[in-house]
Amino acid sequence: MAKLTFQRQFLLCVVLILCGFLLAALTNCGVFSNVGWVAAGLLFVVHPVCPPNANNRTAARIGGGIVILLGLLLRFRM
């Protein structure tokens with residue numbers, strides 16, 4: 001399995017969020033969009049990777065926490 005770089009992990013987060021929105025639209029249940037946001041944030045909290053020009057893993061974890069808070073606080077309703 002290939003090592004997760006910042007670019008791959010960022011694309012994986014985008015795919016998770018888009019899948020959450022797609023499931024929310026198909027099932028008419030807005031919880032799936034929130035789950036997508038939380039899953040994307042947890043990916044950065046559990047496995048913090050930084051862009052090649054930065055070496056601050058704490059900032060990646062804080063950013064993941066902010067994404068989780070967005071997923072929990074914002075309610076997307078269908």
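**Entry 1: L22**

I looked up the exposure of L22 first: L22 is exposed, with a relative accessible area of 51%. The scale I used takes buried as under 20% relative accessible area, exposed as over 50% and partly exposed as in between, with a 1.4 Å probe and protein chains only. L22 lies in helix α1. From L22 to G36 I noted 10.0 Å, C-alpha to C-alpha, at a separation of 14 residues in sequence.

**Entry 2: basis of the entries**

I record that this is a predicted model, in which local features need pLDDT of at least 70 and side-chain atom pairs count only at pLDDT 80 or more, while totals for chains, interfaces and linings use all residues. Residues are numbered from 1 along each chain as its sequence is written, and side-chain values use heavy atoms, with hydrogens and water left out.

**Entry 3: the chain**

I found 3 helices and 0 strands in the chain, and the elements run α-α-α from the N terminus on. Helices (H or I, at least four residues) and strands (E, at least two) are DSSP runs, numbered from the N terminus. The C-alpha atoms fill a box of roughly 40 × 25 × 15 Å along the principal axes. Of the 78 residues in the chain, 27% are buried. I also noted that, among contacts between residues at least 6 apart in sequence, 56% join residues at least 24 apart; contact here means heavy atoms within 4.5 Å.

**Entry 4: α1 against α2**

I next examined α1 and helix α2 (residues 31–46), whose axes come within 7 Å and cross at roughly 165 degrees. That makes α1 roughly antiparallel to α2. Axes are lines fitted to C-alpha atoms, for helices over the stretch in contact, and angles run from 0 to 180 degrees between N-to-C directions. Angles under 35 degrees count as roughly parallel, over 145 as roughly antiparallel, 65 to 115 as roughly perpendicular and the rest as oblique. α1 passes α2 in a right-handed crossing. A crossing is right-handed if the near helix is turned clockwise from the far one by less than a right angle, and left-handed if anticlockwise.

Residues of α1 in this contact include F6, F10, L16 and F21, and those of α2 include G36, W37 and F44. I classed the residues of the contact of α1 with α2 as 15 nonpolar, 5 polar and no charged. Ala, Val, Leu, Ile, Met, Phe, Trp, Tyr, Cys and Pro count as nonpolar, Asp, Glu, Lys and Arg as charged, and the others, Gly among them, as polar.

**Entry 5: α2 against α3**

I then turned to α2 and helix α3 (residues 57–73), which pack at an angle of about 165 degrees with their axes 7 Å apart. That makes α2 roughly antiparallel to α3. The crossing of α2 and α3 is left-handed. Among the residues in contact are W37, G41 and F44 of α2, and R61, G64 and I68 of α3. By class, I recorded 9 nonpolar, 5 polar and 1 charged residues for the contact of α2 with α3.

**Entry 6: aromatic rings**

I found 2 aromatic pairs in the structure. F6 and F10 form a stacked pair, at 6.2 Å centre to centre and 20 degrees between the planes. Rings of Phe, Tyr and Trp (its six-membered ring) pair if their centres lie within 6.5 Å; planes under 30 degrees apart count as stacked, over 60 as edge-to-face and the rest as tilted. F6 and F10 are 4 residues apart in helix α1 (residues 6–27), so about one helical turn separates them. F6 is partly exposed at 28% relative accessible area, and F10 is partly exposed at 45%. F6, F10 and F44 form one aromatic cluster.
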